[in-house]
Amino acid sequence: MSKGVFITLEGTEGSGKSTQLKTIEQYLQQHNRRYIKVREPGGTPIAEEIRNLLKTPRKDDAMCDTTELLLMYAARAQLVNTVIKPAIEQGVDVICDRHDLSTVAYQGGGRGMDLGEIKVISKVVLGDFKPNLTILLDIDPIKGMQRAKARGELDRFEQSKMDFFVRVRNTYLECAKQDPNIIKVVNGDDTLDNVSSHIRKLLDNLYA
Ligand code: T5A
């Protein structure tokens, strides 16, 4: 039996990842692929509890950067080992809303944590496991945050200052330059139809 394909969606807040996840689902349904969809941080009961810890702002105990980093990887270890890898082994495709590249962009670029140290932890958690395709939805973070704000209350990350999101975006784009075979940049500021059609072309190439 052939293995499943691992597709990840990345981008700053409001870039349209959740929206475009539906495009990928439709594509996989039309092509009779078996698939599951998950999100990071989260995707299992334990990892969803960690997600709550990570996203909830609290005044009594501000989370330090190292805790944030290690919680991201704790959630990822749980999801990858108990859900993603078993699915892929059984020939089921996996669509994941955010994955390891988010840590490089947010904790590395955004928080300014040491990228070499992040790589070491990533290696411990993931080994050589990586996506077959990463779709990076790129948008000016000012526009992305306007979309996110229109949805209502902001979480702990969304309360960050704009220069944080600018660093996150720049790190994403730098990573895409370094790994152009896997990370494909899509303009997230285009019309919904154009973004979807770009993603469908990327999927045509992936499954060709
Ligand atoms: N994080 C995560 C880290 O710091 N390190 C890590 O390792 C990981 C894994 C997760 C947070 O955790 C951080 C990053 C995040 O801050 P989350 O709730 O999962 O939190 O946050 P996001 O993934 O950023 O989710 P968002 O919902 O904010 O962004 P999306 O999914 O990219 O945006 P989406 O699709 O919900 O769209 C937002 C709005 O824009 C509209 C949609 O209808 C929606 O209203 N929209 C468009 N409007 C016009 N034109 C388009 N092309 C549009 N596309 C979408």
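**A chat about the ligand and its surroundings**

Visitor: Hi! How far is an oxygen atom of the ligand from a polar backbone atom of Ser-15?

Guide: That distance is 3.3 Å, between a ligand oxygen and a polar backbone atom of Ser-15. Keep in mind that this is a predicted model.

Visitor: Okay, and how far is an oxygen atom of the ligand from the side chain of Arg-76?

Guide: There, a ligand oxygen lies 3.0 Å from an N or O atom in the Arg-76 side chain.

Visitor: Which atom of the ligand does the backbone of Asp-190 lie 3.0 Å from?

Guide: A nitrogen atom of the ligand: a backbone N or O atom of Asp-190 is 3.0 Å away from it.

Visitor: How much of the ligand's accessible area does the protein cover?

Guide: On its own, the ligand has 1,000 Å² of accessible area, and the protein covers 83% of that.

Visitor: Which residues around the ligand come nearest?

Guide: There are 25 residues around the ligand, and the nearest are Glu-13, Ser-18, Thr-19, Lys-55 and Thr-103.

Visitor: What classes of residue does the shell have?

Guide: Around the ligand you find 11 charged residues, nine polar ones and five nonpolar ones.

Visitor: And which helices supply at least two residues of that shell?

Guide: Four helices do: H1 (17–30), H2 (45–55), H3 (65–89) and H4 (100–110). H4 gives the largest share, with four residues.

Visitor: Is Arg-76 buried or exposed?

Guide: Arg-76 counts as buried, because its relative accessibility is 2%. Asp-100 counts as buried as well, at 13% relative accessibility. The cut-off for buried is under 20%.

Visitor: How many salt bridges does a search of the whole structure find?

Guide: It finds 17. One of the bridges joins the side chains of Arg-39 and Glu-48, at 2.7 Å from N to O. Arg-39 counts as partly exposed, with 36% relative accessibility, and Glu-48 is partly exposed too, at 25%.

Visitor: What about Arg-167 and Asp-163, where do they lie?

Guide: Both lie in helix H7 (residues 162–178), four residues apart, which is about one turn of the helix. Asp-163 is partly exposed, with a relative accessible area of 45%.

Visitor: Which residues are linked in a network of salt bridges?

Guide: That network links Asp-65, Glu-68, Arg-111 and Arg-156.

Visitor: In what sense do S1 and S4 pair, and over how many bridges?

Guide: Strand S1 (residues 6–11) pairs with S4 in the parallel sense, over five bridges. Opposite Leu-137 in S4 stands Gly-11. Strand S5 (residues 183–187) also runs parallel to S4, joined by five bridges. Within S5, Lys-184 is the bridge partner of Ile-135.

Visitor: Now for the backbone. Where is the peptide bond that is cis?

Guide: The bond from Glu-40 to Pro-41 is cis, with omega near -10 degrees. Pro-41 sits in the loop between strand S2 (35–39) and H2.

Visitor: What about Asn-32, what is its phi?

Guide: Asn-32 has a positive phi of about 55 degrees, although it is not a glycine. You will find Asn-32 in the loop between H1 and S2, and at 72% relative accessibility it counts as exposed.

Visitor: And Arg-98, is it buried or exposed?

Guide: Arg-98 counts as buried, at 13% relative accessibility. Arg-98 has a positive phi of about 80 degrees and lies in the loop between strand S3 (93–97) and H4.

Note on methods:
Residues numbered from 1 in each chain as written. Predicted model: local features only at pLDDT ≥ 70, side-chain atom pairs only at ≥ 80, totals over all residues. Heavy atoms only, no water. Near = heavy atom within 4 Å. Polar contact = N/O pair within 3.5 Å; in protein donor to acceptor, adjacent residues only side chain to side chain. Areas by Shrake-Rupley, 256 points an atom, 1.4 Å probe, with all protein chains shown as cover. Nonpolar A, V, L, I, M, F, W, Y, C, P; charged D, E, K, R; others polar. Pairing = 2+ DSSP bridges. Salt bridge = Lys/Arg side-chain N within 4 Å of Asp/Glu carboxyl O. Buried < 20%, exposed > 50% of the residue type's maximum accessible area, 1.4 Å probe, protein only.
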